[in-house]
Structure formats: structure tokens, C-alpha cells
Amino acid sequence: MNLPCATLLFRVPCALALVMGLAGGPASAQRAPFMLSSPDLAMGTFDNKFVLNGFGCKGANVSPALEWQNVPPGTKSLALQVFDPDAPTGAGFWHWTVYNLPPTLTSLPQGAGNAAAKLPAPAYGGATDYLDTGATGGNGNYGGPCPPEADKPHRYIFTLYALAVDDLAKAGGIPKTGSPSLYSFVLNKGLGALLLDKASFTATYGR
């Protein structure tokens with residue numbers, strides 16, 4: 001017999017203790033999930049406004065607006081990467097990268113990725129696979145989708161990382177001009193526990 005619960009007097013406290021024990025107590029209550037979305041890509045596809053203007057595509061190449069919520073406690077910076085895993089390169093294709101976004105930021109307006117001056121300090125646009133092509137108006141800027149004609153629609157994965165470091169390049173021991181794959185390795189593996197969380201969504205585009 002469980003002696004503390006043997007009398008009516010102890011049954012209620014004991015049951016409460018059991019429930020709290022199973023749940024881990026008030027201190028272990030789960031926080032709301034870290035979430036990323038775009039009002040411009042709410043239907044899951046890209047309008048022509050956000051498609052590349054170059055390489056046979058005739059979009060306006062405007063970066064879509066992004067919104068996020070529930071940034072984890074302890075976050076010191078945020079990092080954004082946009083990747084097409086379906087590009088016929090053998091290694092995918094990187095379309096947009098932004099590092100050292102302020103931890104208090106909760107959104108990027110439409111067009112924020114089209115010029116360095118539009119990003120909030122100390123954030124900076126990193127390398128993409130449009131490097132030195134001129135298609136984005138300058139290195140470090142957003143480059144919209146432009147998959148080969150007749151391909152099935154490609155997936156474009158937007159991922160936002162919450163980090164417990166304020167300078168990603170310094171923390172990872174990599175140059176600011178490092179490739180997006182190098183940054184991705186640091187983000188997903190190199191930082192270890194300093195990666196607090198990440199949020200993502202996928203939009204598609206084909207022509």
C-alpha cells in the first residue's frame with residue numbers, strides 16, 4: 001500500500017504530485033514553437049514578382065516578406081538561408097542568405113533582400129549561387145527562383161536559425177565571404193548546442 005495516499009487527506013496532494021511529476025512540473029512547460037512564414041508566399045508558390053529577372057526568367061526579383069514568432073530565449077542573432085534541393089547541380093542551389101539578424105527582429109519587409117542598406121544592422125547578405133553573375137543586382141542580395149523549363153516545380157526551403165552567438169562568422173571561424181554550404185555546415189553542425197532552434201517552410205515554383 002502507498003502509505004502517503006492511504007487516507008483521504010493525502011489523496012488529493014498525492015494525485016497532484018503524480019500529475020506534476022509526469023508533466024515535469026510548471027518549470028518544464030513547453031514554450032510555443034518557433035515559426036517562420038511569408039504573407040507573400042501564403043499559397044505556397046511564387047508570384048512573378050518574386051521570380052528572378054535573368055537566365056530566361058522575367059520576374060521582378062523582389063524578395064518576399066518574412067515573419068516569425070516565438071524566438072527562443074537566449075537568442076543573440078538569427079540567420080536565414082533559402083535553398084533549392086531540386087536544382088540539377090548535384091548540390092542544390094542557394095538563393096538567399098542573411099546572417100547576424102538582430103534577435104529582437106520579428107520580420108523582414110518585402111524587398112529587404114534587394115540591397116544591403118535595406119537590412120537591419122548588423123545583418124549582412126551572404127554568398128549565394130548567383131555570385132558574380134549580376135542577376136541579383138549585387139552579391140549578397142536575394143535571387144529568386146528560375147528553374148529549367150519543363151522541370152517539375154522545384155522546392156524552395158526557407159530556414160531561419162536562432163543562435164546563441166551574436167557573430168556567426170566569428171563563432172564558426174569562417175570568413176564573411178564563405179560559401180552558403182560552409183555556413184550551413186556551421187549552422188547545422190559546427191555550432192552544436194549554440195544552435196537553439198530553427199524554423200522553416202517550403203514554397204514551390206516551376207515554368
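This is a predicted model: local features need pLDDT of at least 70, side-chain atom pairs count only at pLDDT 80 or more; totals for chains, interfaces and linings use all residues.
Colleague: What share of the contacts in the protein with a separation of 6 or more comes from residues 24 or more positions apart?

Modeller: Buried residues make up 43% of the 207 residues in the protein. Among contacts with a separation of 6 or more, the share that comes from residues 24 or more positions apart is 72%.

Colleague: Which residues have the most contacts inside the largest nonpolar core?

Modeller: The largest nonpolar core has 36 residues, and β4, β5, β6, β9 and β10 (residues 195–205) each supply at least two residues of this core. Apart from it lies another core, of 14 residues, which includes Y124, V165, L187 and L195. Inside the largest core, the residues with the most contacts are F46, W68, W96, L101, L108 and F158.

Colleague: Which residues does L108 touch, not counting residues up to four places away in sequence?

Modeller: L108 is one of the residues with the most contacts inside the largest nonpolar core. When residues up to four places away in sequence are not counted, L108 touches A65, L66, W68, L80, W96, L101, L119 and P120.

Colleague: Which residues does the disulfide join, and how many residues apart in sequence are the parts that the pair ties together?

Modeller: A search of the whole structure finds one disulfide, and this link joins C57 to C146, with an S to S distance of 2.1 Å. The link is right-handed, with 95° about the S-S bond. C57 lies in strand β3 (residues 57–58) whereas C146 lies in the loop between β8 (124–125) and β9 (154–163), so the pair ties together parts whose separation in sequence is 89 residues.

Colleague: Are C57 and C146 buried or exposed?

Modeller: A residue counts as buried when its relative accessible area is under 20%. C57 has a relative accessible area of 5%, and C146 has a relative accessibility of 16%. Because both values fall under that cut-off, C57 and C146 both count as buried.

Colleague: Which residues lie closest to the centre of the largest pocket?

Modeller: The largest pocket holds about 180 Å³ of space. Its lining divides into ten nonpolar residues, three polar and one charged, and β6 (residues 93–101) and β9 each supply at least two of the lining residues. Of the 14 residues that line this pocket, the closest to its centre are F93, H95, Y130, C146 and P147.

Colleague: Which peptide bond is cis, with omega near 5°?

Modeller: Most residues other than glycine have a negative phi, and most peptide bonds are trans. P122 has its place in the loop between β7 (residues 107–108) and β8. The cis bond, with omega near 5°, is the one from A121 to P122.

Colleague: Where does N70 lie, and is N70 buried or partly exposed?

Modeller: N70 has a positive phi of about 60° although it is not a glycine. N70 lies in the loop between β4 (residues 66–69) and β5 (77–84). With a relative accessibility of 32%, N70 counts as partly exposed.

Colleague: Is A150 buried or exposed?

Modeller: A150 is not a glycine, yet it has a positive phi of about 75°. A150 lies in the loop between β8 and β9. With a relative accessible area of 75%, A150 is exposed.

Terms used:
Residues are numbered from 1 along each chain as its sequence is written. Side-chain values use heavy atoms; hydrogens and water are left out. A disulfide is a pair of cysteine sulfur atoms within 2.5 Å. Helices (H or I, at least four residues) and strands (E, at least two) are DSSP runs, numbered from the N terminus. Buried means under 20% relative accessible area, exposed over 50%, partly exposed in between (1.4 Å probe, protein chains only). On a 1 Å grid over the protein atoms alone, a cavity is a set of points where a 1.4 Å probe fits but cannot get out, and a pocket is an open set with protein on both sides within 12 Å along at least five of seven lines; lining residues have an atom within 4 Å of a point. Grid points are joined across faces, edges and corners, and a volume is the space filled by probe spheres set on the points. Ala, Val, Leu, Ile, Met, Phe, Trp, Tyr, Cys and Pro count as nonpolar, Asp, Glu, Lys and Arg as charged, and the others, Gly among them, as polar. A nonpolar core is a set of buried Ala, Val, Leu, Ile, Met, Phe, Trp, Tyr and Cys residues joined through side-chain atoms within 4.5 Å. Contact means heavy atoms within 4.5 Å.
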